[in-house]
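Visitor: I'm new here and would like a tour of this model. Could we put it on screen and then go through it with some questions?

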Amino acid sequence: MASVQIQAAAFLAVTVQRACHNSFIQWAKGDAGKAQYTVSSVIFVAQTVCVFVGWFLAYSGGGMVDLKKCTDVSILKKFAFIGMIYAVGDIFEMESVNYIDASTYTVLSQSKLIVTALMMWAIDGTTQNLMQWF
């Protein structure tokens, strides 16, 4: 288990990233009603950065042994389906941000927490306790 400091740093990093994400998208749109860039360009840059960060984390956590696992075909096949789902989600997210302002999108995107809980309940019967709902 990671130390409390590492957990706090990870929580802070994710929170700041999610808080800034939509603001940066809004900034990139400028005064235009619709973004002047392609959705694929944003996703390409984001995923390229993710690959390099992933390689850095793999190397820093386990050296060359873990870094080589990043290109292991059996591991890539295992995670290909979930990667495709995330890619489609990124495309939908970027398209939606093109047509609504960042603050509205931020509010609407919070519904994914409730939708996820409802889908977990409907699909595999996972229930939430009262505290998890609020």
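Visitor: By class, what residues make up the lining of the second largest pocket?
Guide: First, a heads-up: this is a predicted model, where local features need pLDDT of at least 70 and side-chain atom pairs count only at pLDDT 80 or more, while totals for chains, interfaces and linings use all residues. Residues are numbered from 1 along each chain as its sequence is written, and side-chain values use heavy atoms, with hydrogens and water left out. A pocket is an open set of points on a 1 Å grid over the protein atoms alone where a 1.4 Å probe fits, with protein on both sides within 12 Å along at least five of seven lines; lining residues have an atom within 4 Å of a point. With Ala, Val, Leu, Ile, Met, Phe, Trp, Tyr, Cys and Pro as nonpolar, Asp, Glu, Lys and Arg as charged, and the others, Gly among them, as polar, this lining has 11 nonpolar, 4 polar and 1 charged residues.

Visitor: Which element gives the most to the lining of that second largest pocket?
Guide: About 520 Å³ of space lies in this pocket. Of its 16 lining residues, Val 51, Cys 70, Leu 76, Phe 79 and Gly 83 come closest to the centre. Two elements supply two or more lining residues, H2 and H3. The top giver, with 8 residues, is H3.

Visitor: Now for the largest pocket: which elements give two or more residues to its lining?
Guide: This pocket has a volume of about 1,100 Å³. It has 26 lining residues, and the closest to the centre are Arg 18, Gln 47, Cys 50, Asp 90 and Glu 93. Helices are DSSP runs (H or I, at least four residues) numbered from the N terminus, and those giving two or more residues here are H1 (4-29), H2 (39-69) and H3 (73-99).

Visitor: How many residues make up the largest share of that lining?
Guide: By class, the lining of the largest pocket splits into 16 nonpolar, 6 polar and 4 charged residues. Looking at elements instead, the largest share comes from H3, at 11 residues.

Visitor: How far is the sulfur of Cys 50 from the nearest cysteine sulfur?
Guide: A disulfide is a pair of cysteine sulfur atoms within 2.5 Å. By that rule, the count here is 0. Cys 50 is in no disulfide, and the nearest cysteine sulfur, that of Cys 70, sits at a distance of 13 Å.

Visitor: Is Cys 50 buried, partly exposed or exposed?
Guide: Buried means under 20% relative accessible area, exposed over 50%, and partly exposed in between (1.4 Å probe, protein chains only). Cys 50 comes out at 46%, so its label is partly exposed.

Visitor: And what is the relative accessible area of Cys 70?
Guide: Cys 70 is in no disulfide either. Cys 70 also counts as partly exposed, because its relative accessible area is 25%.

Visitor: Is Leu 57 buried or exposed?
Guide: Leu 57 is found in helix H2. Leu 57 has 52% relative accessibility, so the residue counts as exposed.

Visitor: Is Ile 25 buried or exposed?
Guide: Ile 25 lies in helix H1. Using contact to mean heavy atoms within 4.5 Å, Ile 25 touches Tyr 37, Val 42, Met 94 and Val 97, leaving out residues up to four places away in sequence. Because its relative accessibility is 7%, Ile 25 counts as buried.

Visitor: Which residues form the largest nonpolar core?
Guide: In soluble globular proteins, nonpolar side chains tend to be buried together. A nonpolar core is a set of buried Ala, Val, Leu, Ile, Met, Phe, Trp, Tyr and Cys residues joined through side-chain atoms within 4.5 Å. The largest one has 6 residues: Ile 25, Tyr 37, Ile 43, Met 94, Val 97 and Tyr 105.

Conventions: Grid points are joined across faces, edges and corners, and a volume is the space filled by probe spheres set on the points.
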